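Hi,

Here is the structure I promised to pass on. Have a look at it first, and then read my notes below.

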Amino acid sequence: MSNKVKIGLIGTGGIARGAHIPGFLLIPDECEVVWLADPSEDALQQARELVPGARTTSDYHEILRDSEVDAVAITTPNLYHLQPTLDAFAAGKHVLCEKPLAMNAAEGRQMVNAGHAAGKILMVAFQNRFCGEAQFLKRYIDLGKMGEIYYARAHALRRRGVPHWGVFIDKEKQGGGPLIDIGVHVLDLTLWLMGNPKPVSASGATYNRLGRNPDLFNGFGEYDHTKFTVEDFAAGFIRFDNGATVSLESSFMANIERSPFEAHLLGTEAGAEIALWENARLNIYREDDQQMFDLTPRNIPHVPSPHTVEMQTFVRAVAEGKPSPIPGEHGLMLNAIFDALYRSAETGREEPVNLHEG
Ligand SMILES: NC(=O)c1ccc[n+]([C@@H]2O[C@H](COP(=O)([O-])OP(=O)(O)OC[C@H]3O[C@@H](n4cnc5c(N)ncnc54)[C@H](O)[C@@H]3O)[C@@H](O)[C@H]2O)c1
């Protein structure tokens, strides 16, 4: 019997076919995709073309009943992260779950607890941590070169970028709009760089002013404007128990010049600006002998696909019995922050971040 990690995919839509399957296929000596599950025959068929040897099913429970399967990747819309994860842990499988971990912190807590009870890995798919710029900056910060980081701005903004596929505009199935969908990425990156301080409270505002307007252009393609039930723009301000604060902005549509995915961090010894995706860059700002220096690292290793590194990291953690490379707790912390931000947008007040209770 081969000791490759045997993987089942629960959900074979866009991210599964674009990131997970290609990532797993790049390490054929270490893992094998043995099952594909999706209620959509079309999605299954497209995935089958990528992994012709895998068995397919419309019911993910069939994967979980297969004792050969070591791990599953949960690549379903956010509403369907919870139950497959709980069922996978009950069946003794490791889980790589797409972001956001859950619809809200109450669900996230169940997932984290189930993972611990089963003694299995729960890894959240925050691939941006594996970008070259992010890896370098994390090391730089952990070496103490930026001093104490006390403030950050985190932006995941799109000028005209409403996802037209899947259910990204459906609040019931996603839990929210750009805040929980792409804000989650930039906030994870920012908080990870800051050493994951404990959030205590948050104030937020959400708007749905452009997303329902059928006359506006959308760079990603046509969608049904009448079904747009999420926010199109969100802003937040988060406080942490070490005194640090973070401001966050996220949009699917906004009247702005650019569509940045970037974080600006202010430390006592230096500041940094990190941008990923299309316009990746990293600048560090510091002072020496009363001179202000703008530093641009020139030989950051290029990571062609951070998604692929994510899959490899997960497979190796499973194979080597290591702890989760990106623990469920980090995903839960973000869900708890989003709960507070969405609540604050309704109440008009700063709200506590409830990490531990509902
Ligand atoms: N890490 C990233 O950068 C990134 C990028 C895109 C999407 N995502 C995340 O991935 C998830 C899926 O997004 P997507 O773009 O692939 O959406 P998608 O709509 O293209 O695919 C989702 C698939 O899940 C299937 N599905 C629904 N319920 C299921 C169930 N019970 N069992 C099995 N399959 C089921 C659907 O039929 C669909 O084929 C979301 O949570 C999203 O936030 C992450």
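**What I found**

Let's start with D289, which sits in the loop between strand 13 (281–288) and strand 14 (291–295). A word on those numbered names: helices are DSSP runs of H or I with at least four residues, strands are runs of E with at least two, and both are numbered from the N terminus. D289 is not a glycine, yet its phi is positive, at about 50 degrees.

Before you go on, note that this is a predicted model, where local features need pLDDT of at least 70 and side-chain atom pairs count only at pLDDT 80 or more, while totals for chains, interfaces and linings use all residues. Residues are numbered from 1 along each chain as its sequence is written, and side-chain values use heavy atoms, with hydrogens and water left out.

P100 is in the loop between strand 5 (94–97) and helix 5.

K99 also turns up at the ligand: 27 residues surround the ligand, and the closest are G14, I15, D38, N78 and K99 (a residue counts as near if one of its heavy atoms lies within 4 Å). That shell divides into 11 nonpolar, 12 polar and 4 charged residues. Here Ala, Val, Leu, Ile, Met, Phe, Trp, Tyr, Cys and Pro count as nonpolar, Asp, Glu, Lys and Arg as charged, and the others, Gly among them, as polar. Helix 1 (14–25) and helix 8 (178–193) each supply at least two residues of the shell.

Which side chain has an N or O atom 2.7 Å from an oxygen atom of the ligand? That's N78. For the side chain of H81, the distance from an N or O atom to a ligand oxygen is 2.9 Å, and for W165 it is 3.0 Å (polar contacts are pairs of N or O atoms within 3.5 Å).

Finally, the helix pair: helix 4 (residues 82–90) and helix 5 (residues 105–118) pack at an angle of about 10 degrees, with axes 9 Å apart. Axes are lines fitted to C-alpha atoms over the stretch in contact, and angles run from 0 to 180 degrees between N-to-C directions. So helix 4 is roughly parallel to helix 5, a label for angles under 35 degrees.

Cheers

Methods
Angles under 35 degrees count as roughly parallel, over 145 as roughly antiparallel, 65 to 115 as roughly perpendicular and the rest as oblique. A polar contact is a pair of N or O atoms within 3.5 Å; within protein, one must be able to donate a hydrogen and the other to accept it, and residues adjacent in sequence count only if both atoms are side-chain atoms.
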